[in-house]
Every structure is written in C-alpha cells, then in structure tokens.
Amino acid sequence: MSQHEIAALRLLACSITDTRFDVLPQLTSWQEIDRIARKHAVLPLILQAAMALDAAHRPPDALVTAWKSLTLAAIMNNERLMHSQAEVVSMFEAASIPCAILKGASLARLYPKPEMRALGDIDILVRADQCDRAIETLKTAGYCMHETEHEFHIGFDRAGTYLELHYAISQFPELPVGERIKRKLEDATLRTVDARMDGYTFPALNETDQALSLLLHMERHMVNEGIGLRQLCDWCVFLGTCSPATMEQKLLPAIQECRLFQFASVLTRICVLYLGLDSEKHSWCANVPQRTADELLADILDNGNIMSKDLERAVSSTFLKGEESSLKKRSVFSSAARNLTIAARKQFPICNKAPILLPIFWAYLPVRYLYRSVRGERPKQSVQKIAKYAMKRKKLYRKLELFKR
C-alpha cells in the first residue's frame, strides 16, 4: 500500500470506529487522498476525520472548502432519498406488502454519524410472491420501471430517484448450499426490526439476515466489478454493533452454514488490522494470514466504488464468474467459455431453442467487441493482459473458499 492509502484507511478508522492515531504517514499530496476518497465514495467520512486533526496537519483550506461543499450535497441527497424511502415504505405498509430496506440507510444508521455515510439509491426487498403488487404500487406513485432485466431486482426511477425493487436478497450459487441460502432468506421480510435514522423509521433486516445480505452482496460484486472501501466500512461498522454473544450464537453459525466463513474472516481481519475493529471481540478471524488480508485489501483498493466501472476489471470477470458455482476448479479459459455461453443465451434467446448455434456466438461476441474497439466505441484491451489479471484475481478468490465445504 502507498502512504496515501494507509493514511486514507487511518482517517476512515477515526470516523467509523473512533480509533485515534497520533500521526498520519508523511503525505506528499492531499490531492491523492482526495482521489481515493472520491473513487471509493467515502469523502464525507474522510472530511469528518480530517477536521479532527490539529490545524497544522489538516488539508489545505481550498480542499476543505471543496470537501465541505460535496459533503453538504451528499447530506442533502441523503435527506431526499430518506424522504422518498419513507413514502415507499408507507405505501407498501398500506398495501400490506412486507418489506425491508437493504444496504443504504439500513447500514448508515449504524455509523457514529449516519449522515456522513453517503447513500446512492433505495434498495427495498419484498417476497417474490408480492413482487407484482409492489410493482403496481410503485407505478401508481409515479415510478417508471426500467426495461433492463436483472436476475433478482427491478429498477425504477422517479424524478432522479433510483429505486431497486428486490424479490431476492442476491443471486445465489448454483449449488445445494445456494438453495439452502435462498430458503433461509426468503422470509427475511417477515422477521425485520424497526430501524431509525434522521427521524425516519423503516424496516431493516435482523442481524443474521443483515450479515448474510452483506456478504452475498460483496461476494457478487467482488467477482464482477469489485467492491470498494465503502462496502468494507459497512461491514466493519455492522460488526462493531454486534455483541460477542450475538456473533457466537447467531451470526457465525449462519455464516458457516452458508459456506461464507473464510470470506467473512478475511474481511474482518482487514477491519481489525486497518480500520480499528476490536480484535478481542473478533478473535475468530485471528488465524487469517496477514498476507491474505493484504491481498484482498489491495484488490479492494484497486477497484473502488462499485458504481464506477473499471473496464479492465469488468472484462476480466468474464474469465472468473461462475467458479463459485462449480464443484471443481475451472481454468480462466473454461470460465470464459461458460460465461460466453451465458451471455449468448441471454442476448440471443434463439440459442436456448437451438444450442447448436452457440459456437457461432462464442466467436461473434468477442469479434463484436473487437469491432467496436476499432471504431472507438469500446476502449482497446489486451486479451493477454486481461487474462493475466484474471488469473491473479482467481488465485486470490480461491483463498476465500467461497461456498466451499
């Protein structure tokens, strides 16, 4: 890690776990901290900690002014989203549609200063058998449904407010454990807890369901576009609110049952090492080698905010996706072939009726990408470089033992 990345982590630790550092690493430029904060969507948290430094070590006044302006805009956006969220929750309650807020406010409320955790959109969960009624309720309120298809949620927007209506918490692996997780979480909206933030009350997942939701969300994004420091902070803050008894009696057994224990352990080890999470309360992650924790942290730092797309990483995911659903290890190229098949079946439904056409589209999809690159419609990418990057990522992810016994 660079000195600036270490400093950014220390500043985040100050904001989310009240960890105090006597000094920050010697910084050559606060502009680099600014770049990291923006890339990972944690600028308000960085500002919060930076203003607690003594005057001699604070960022330049011009940068502080810019940060304050952006933070104020984020806080105002939070309020706008919270108001819209309250409206939707009220409508669902009136229609007798059980629901739960995912991510966003359900995690921000746990931060020492909730308003400093920037919200991006509204994620709301309903049971699959209530989805049609929820869609009609949203349409009645003026929300427009997106045509883009997703595997477990439907996108809506209204006057710049984006909402995802989830009929499942996440995508589940095509393994027996995936079915087990799906059954375990399908009634999550029936066992919610009342949460409060900024004067608003809303239903949130209980602690066990929240832990699984967070891990599933991070696992899915990590293998695709990646996760950033904001998601790591969410996990750290969530764990910081869980008592040792809750961890031992509820969360850890559920995480182990869902085959996510190693992944959770590595994430937690990062939080202990770099974000000030109490090591005594979370000694269950102590056996994770620091090298493994550092490798995953480097992957997180390389990526950034999941809302910003890294094209090289996105393309390399073609060589990775689906391995967690396999009982055997795949090479990057067998993974690529599998995912080209999935893409072909999704983009060209005729392949589902006539699988004999699949080899044509295995060739067509890469050629189309190359053609668009030549025309300047897609950035040019080195297949060799991407494959090498994918193999590096695959080696790391295998250490996380995702969904493995």
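1. F263. Leaving aside its neighbours within four places in sequence, F263 is in contact with L215, M218, E219, M222, L296, L400 and L402. Contact here means heavy atoms within 4.5 Å. F263 is also one of four residues, with L229, W235 and L296, that touch the most other members of the largest nonpolar core, which has 88 residues. Apart from that core lies another, of 29 residues, including L119, I124, V126 and A195. A nonpolar core is a set of buried Ala, Val, Leu, Ile, Met, Phe, Trp, Tyr and Cys residues joined through side-chain atoms within 4.5 Å.

2. Basis of the model. This is a predicted model, in which local features need pLDDT of at least 70 and side-chain atom pairs count only at pLDDT 80 or more, while totals for chains, interfaces and linings use all residues. Residues are numbered from 1 along each chain as its sequence is written, and side-chain values use heavy atoms, with hydrogens and water left out.

3. The chain overall. The chain has 17 helices and seven strands; these are DSSP runs numbered from the N terminus (helices H or I, at least four residues; strands E, at least two). Of its 405 residues, 52% count as buried. Buried means under 20% relative accessible area, exposed over 50% and partly exposed in between, with a 1.4 Å probe and protein chains only. Among contacts between residues at least 6 apart in sequence, 67% join residues at least 24 apart.

4. Helices α8 and α11. How do these two helices cross, and which residues meet? The axes of α8 and helix α11 (residues 261-274) come within 11 Å and cross at roughly 90 degrees. Axes are lines fitted to C-alpha atoms, for helices over the stretch in contact, and angles run from 0 to 180 degrees between N-to-C directions. The two helices are therefore roughly perpendicular to each other; the cut-offs are 65 to 115 degrees for roughly perpendicular, under 35 for roughly parallel and over 145 for roughly antiparallel, with the rest oblique. On the α8 side L215, M218, E219 and M222 take part, and they meet F263, A264 and L267 in α11. By class, this contact has six nonpolar, no polar and one charged residues. Ala, Val, Leu, Ile, Met, Phe, Trp, Tyr, Cys and Pro count as nonpolar, Asp, Glu, Lys and Arg as charged, and the others, Gly among them, as polar.

5. Helices α8 and α9. Helix α8 (residues 207-223) packs with helix α9 (residues 229-240) at an angle of about 160 degrees, their axes being 11 Å apart. That angle makes α8 roughly antiparallel to α9. The contact is made by E207, Q210, A211, L214, L215 and M218 of α8 together with Q231, D234, W235 and F238 of α9. These residues divide into six nonpolar, two polar and two charged.

6. W30. Is W30 buried or exposed? With a relative accessible area of 13%, W30 is buried. It is placed in helix α2 (residues 30-39). W30 and A7 are 23 residues apart in sequence, and their C-alpha atoms are 9.9 Å apart in space.7. Helix α3. Eight of the eight residues of α3 are buried, so this helix is largely enclosed by the rest of the structure. The buried residues are L43, P44, L45, I46, L47, Q48, A49 and A50. They pack against α1, α2 and α4 (61-94).

7. Loop positions with positive phi. Most residues other than glycine have a negative phi. D18 has a phi near 60 degrees, a positive value in a residue other than glycine. D18 is placed in the loop between α1 (3-17) and α2, and at 51% relative accessibility it counts as exposed. A41, also not a glycine, has a positive phi of about 55 degrees; A41 is in the loop between α2 and α3 (43-50).

8. Q130. The loop between β2 (122-126) and α6 (131-140) holds Q130. Q130 has a relative accessible area of 18% and is buried. Neighbours within four places in sequence aside, Q130 is in contact with S96 and I97. The C-alpha atoms of Q130 and P98 are separated by 8.3 Å, and the two residues are 32 apart along the chain.
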